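Hi everyone, thanks for coming.

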Amino acid sequence: MSQRYQLYYSSGACSMAVHVLLNELNQSVELIDTSISQQKNKSAEFLKINPRGEVPVLVDNGTVITEGGAIITYVCDGNPSPLFPKADAGVSRAKALEALMFCNASLHVAYSKAFMIGRATIDQASKEVLSKQICDSIQNLWNFCDEKLASQKYLAGDTFTAADILMTVIANWNGWLPQPITLGPNVKRVIREVSARPAYQKALEIEGVEYKAAA
Ligand SMILES: N[C@@H](CCC(=O)N[C@@H](CS)C(=O)NCC(=O)O)C(=O)O
């Protein structure tokens, strides 16, 4: 039987946050392997769906939605739960969006820059300087998260939201960076809890990903 949702994903990439979220919401999904390492995201077929060649892409009854932040809020709005306050919820919605956008537009983007510098065909000395600068900025973002999580249980406050899922996915990318990143005890507390949830464990198993960041 065809599923309502189709998700174009690459193992362990930011698309995994959408996968975990759909599991949390008990929504079945058809997963379409769009492996970045195998360049499936550059195939002519996928570029027709997302000309920018990026995952995640969600298809809901034929409607194509790109951009992780938009997909996450769309899925949450269509499946109301404590994971994301409703559109008329006022401050709690704003705080959930703030946390989600922090992960999507600040944390994720910093990693994207680091990966781009790693692939850049520039001289080694420049690469090292730029890599150090971006890795230092990633460390600062994690320090900011850790300070926030010292006084509240989760990124958006005292309720677990979709932002915590995205943060947990991104934390597992540290091994790909050219410089070690230290995650503080409060960040570790949250990523341990989130990655241990059945919805997360199921996504790890299906995507064939090992969760190393919580160690
Ligand atoms: N702004 C986009 C960024 C998505 C993005 O950067 N996805 C990465 C995986 S985490 C990707 O598909 N990269 C393709 C590539 O590296 O070729 C979003 O939030 O959805």
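Let's begin with the residues where two helices touch. On the α4 side, A99, L100, C103, N104, L107, H108 and Y111 make the contact, and they meet A163, L166, M167 and I170 of α6. Sorted by type, the residues of this contact are 9 nonpolar and 2 polar, with no charged ones. Please keep in mind that we are looking at a predicted model.

How do we describe such a pair? Two packed helices are described by the angle between their axes and the distance between those axes. Here α4 covers residues 91-119 and α6 covers residues 162-171; the angle is about 15° and the axes lie 8 Å apart. Angles under 35 degrees count as roughly parallel, so α4 is roughly parallel to α6. The crossing of α4 past α6 is left-handed.

Now, over to the sheet. In what order do its strands lie? The order is β2-β1-β3-β4, an open sheet of 4 strands with mixed pairing. At the edges you find β2 (29-33) and β4 (63-66); each has a single partner strand, so one side of each has no neighbour in the sheet. From one strand to the next, the twist averages 20°.

Let's zoom in on one pair. Strand β1, residues 5-9, runs antiparallel to strand β3, residues 57-60, and they are joined over 4 bridges. Within that pairing, Q6 sits opposite V59 of β3. Finally, helix α3, residues 68-78, packs on the sheet and touches β3 and β4. The direction of α3 makes about 125° with that of β4.

Methods. Residues are numbered from 1 along each chain as its sequence is written. This is a predicted model: local features need pLDDT of at least 70, side-chain atom pairs count only at pLDDT 80 or more; totals for chains, interfaces and linings use all residues. Side-chain values use heavy atoms; hydrogens and water are left out. Axes are lines fitted to C-alpha atoms, for helices over the stretch in contact, and angles run from 0 to 180 degrees between N-to-C directions. Angles under 35 degrees count as roughly parallel, over 145 as roughly antiparallel, 65 to 115 as roughly perpendicular and the rest as oblique. A crossing is left-handed if the near helix is turned anticlockwise from the far one by less than a right angle, and right-handed if clockwise. Contact means heavy atoms within 4.5 Å. Ala, Val, Leu, Ile, Met, Phe, Trp, Tyr, Cys and Pro count as nonpolar, Asp, Glu, Lys and Arg as charged, and the others, Gly among them, as polar. Two strands pair if DSSP finds at least two bridges between them.
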